[in-house]
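Me: I would like to go through some labels used for this model and see what each one rests on. Take them one at a time, please.

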Amino acid sequence: MPFNVRLIFLIKGMKYLETTLDIVSQILEVANNSSGDGATKNRLMYEVSLSHAQLDEYAMMLTERDLLHYDQQMHTLRITEKGLRFLKTYNQMYDMIKALV
């Protein structure tokens with residue numbers, strides 16, 4: 001299965017298809033909910049259930065797009081203002097779609 005799509009099995013055999021946008025939002029959420037110092041890669045790998053290689057790909061993509069900032073001194077990833085705007089918009093759209101289903 002490609003790195004950008006994961007299948008998660010939930011209660012009673014229901015399936016939820018997780019897309020790249022879902023994974024990106026989870027990464028940003030963890031980075032946002034961390035103290036102002038940001039989140040370590042280990043914490044992100046654990047909380048978002050990603051391998052080291054997967055997290056590296058996402059971290060590179062998100063830092064290139066200025067959604068995350070890597071603090072070399074602290075070795076942490078912090079959400080940027082652009083990342084906060086993305087997360088807010090994603091959550092609003094998710095809530096609208098969820099209301100329809």
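Me: Why is Phe86 called partly exposed?

Reply: The relative accessible area of Phe86 is 26%. Buried means under 20%, exposed means over 50%, and partly exposed is what lies in between, with a 1.4 Å probe and protein chains only. Phe86 is therefore partly exposed. This is a predicted model, in which local features need pLDDT of at least 70 and side-chain atom pairs count only at pLDDT 80 or more, while totals for chains, interfaces and linings use all residues. Residues are numbered from 1 along each chain as its sequence is written, and side-chain values use heavy atoms, with hydrogens and water left out.

Me: What makes Tyr90 buried or exposed?

Reply: Tyr90 has a relative accessible area of 16%, so Tyr90 is buried.

Me: How do you know whether the rings of Tyr90 and Tyr94 are stacked?

Reply: A pair of aromatic rings is described by the distance of the centres and the angle of the planes. Rings of Phe, Tyr and Trp (its six-membered ring) pair if their centres lie within 6.5 Å; planes under 30 degrees apart count as stacked, over 60 as edge-to-face and the rest as tilted. For Tyr90 and Tyr94 the centres are 6.3 Å apart and the planes stand at 20 degrees, so the pair is stacked. Both residues lie in helix α4, four residues apart, about one turn of the helix. Tyr94 is partly exposed, at 38% relative accessible area.

Me: How many aromatic pairs does the structure hold?

Reply: There are two aromatic pairs. Phe86 and Tyr90 form a stacked one, with 6.4 Å centre to centre and 15 degrees between the planes. Phe86 and Tyr90 are four residues apart in helix α4 (residues 81-100), so about one helical turn separates them. Ring pairs link Phe86, Tyr90 and Tyr94 into a cluster.

Me: Why is Lys88 called exposed?

Reply: The relative accessible area of Lys88 is 55%, so Lys88 is exposed. Lys88 lies in helix α4. From C-alpha to C-alpha, Lys88 and Glu29 are 10.0 Å apart in space, although 59 residues apart in sequence.

Me: What lies over the face of Tyr70?

Reply: Lys41 does, at 5.8 Å from the ring centre. A charge sits over a ring if NZ of Lys or CZ of Arg is within 6 Å of the ring centre and within 35 degrees of the ring normal.

Me: What span should helix α3 have?

Reply: Helices (H or I, at least four residues) and strands (E, at least two) are DSSP runs, numbered from the N terminus. The expected span of a helix is 1.5 Å times one less than its number of residues. For the 13 residues of α3 (residues 52-64) that gives 18 Å, and the end C-alpha atoms are 18 Å apart, which agrees.

Me: Which residues of α3 are buried, and what covers them?

Reply: The buried residues of α3 are Gln54, Leu55, Tyr58, Ala59 and Leu62. They cover an arc of only 130 degrees around the axis, so they are on the same side of α3; the arc is that of the directions from the helix axis to the C-beta atoms. Their cover includes α1 (20-33), α2 (41-48), β3 (68-71) and β4 (76-79).

Technical notes:
Contact means heavy atoms within 4.5 Å.
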